[in-house]
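Me: Could you walk me through this structure and say where the descriptions come from?

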Amino acid sequence: METPETIRATLAQAYGTTQYWKIYPDLLITDGVKLMAEMCNAYWLLQDAFIWLHSDKLKGEEFIVFKLILNEHSALLSIEDSNYNVLAKQDIPFTDFPLQEGITMYWCDNVLMLPTEY
């Protein structure tokens with residue numbers, strides 16, 4: 001796994017995307033999200049987002065914000081709408097996610113992206 005500094009520097013360059021990556025039957029991700037998942041060993045986070053996107057709690061939402069908030073070796077995945085209303089929360093009892101500030105991802109138009117790619 002890369003150092004947090006290297007990951008931050010790489011993800012800071014993620015503006016737009018050159019292509020979309022299909023990771024589940026109906027979920028596309030951008031280059032930046034793919035890089036984050038690879039560099040942070042966090043495909044589990046994409047799987048959690050995919051599961052939430054198909055839950056009844058998020059039906060009808062057009063824009064969703066996924067925020068991974070770290071607390072030492074555990075985390076909270078907060079799922080919000082575009083008005084910062086919390087729609088759901090998921091406790092993650094253990095994670096080795098390397099960025100202590102966590103990560104935020106946006107979902108809209110069936111694409112999961114980093115905020116800089118919106």
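**How the terms apply**

Reply: Gladly! Of the 118 residues in the protein chain, 45% count as buried, meaning under 20% relative accessible area with a 1.4 Å probe and protein chains only as cover. This is a predicted model, where local features need pLDDT of at least 70, side-chain atom pairs count only at pLDDT 80 or more, and totals for chains, interfaces and linings use all residues. Residues are numbered from 1 along each chain as its sequence is written, and side-chain values use heavy atoms, leaving out hydrogens and water.

Me: What makes the radius of gyration of the protein chain agree with a compact globule?
Reply: The rule is 2.2 Å times the number of residues to the power 0.38, over C-alpha atoms. For 118 residues a compact globule would be near 13 Å, and the protein chain has 13 Å, so the two agree.

Me: Why is strand E6 called mostly covered?
Reply: Strand E6 is residues 103-108, and five of its six residues are buried. A strand here is a DSSP run of E with at least two residues, numbered from the N terminus.

Me: How do you know which strands pair with E6?
Reply: Strands pair if DSSP finds at least two bridges between them. Six bridges join E3 (residues 63-71) to E6, antiparallel, with Phe63 opposite Cys108. Three bridges join E6 to E7 (residues 111-113), also antiparallel, and there Tyr106 stands opposite Met113. By that definition, both partners therefore count as paired with E6.

Me: What lies between E6 and E7 in their hairpin?
Reply: Two residues separate the strands, and Asp109 takes a positive phi near 50 degrees.

Notes. Buried < 20%, exposed > 50% of the residue type's maximum accessible area, 1.4 Å probe, protein only. Helix = DSSP H or I, 4+ residues; strand = E, 2+ residues; numbered from the N terminus.
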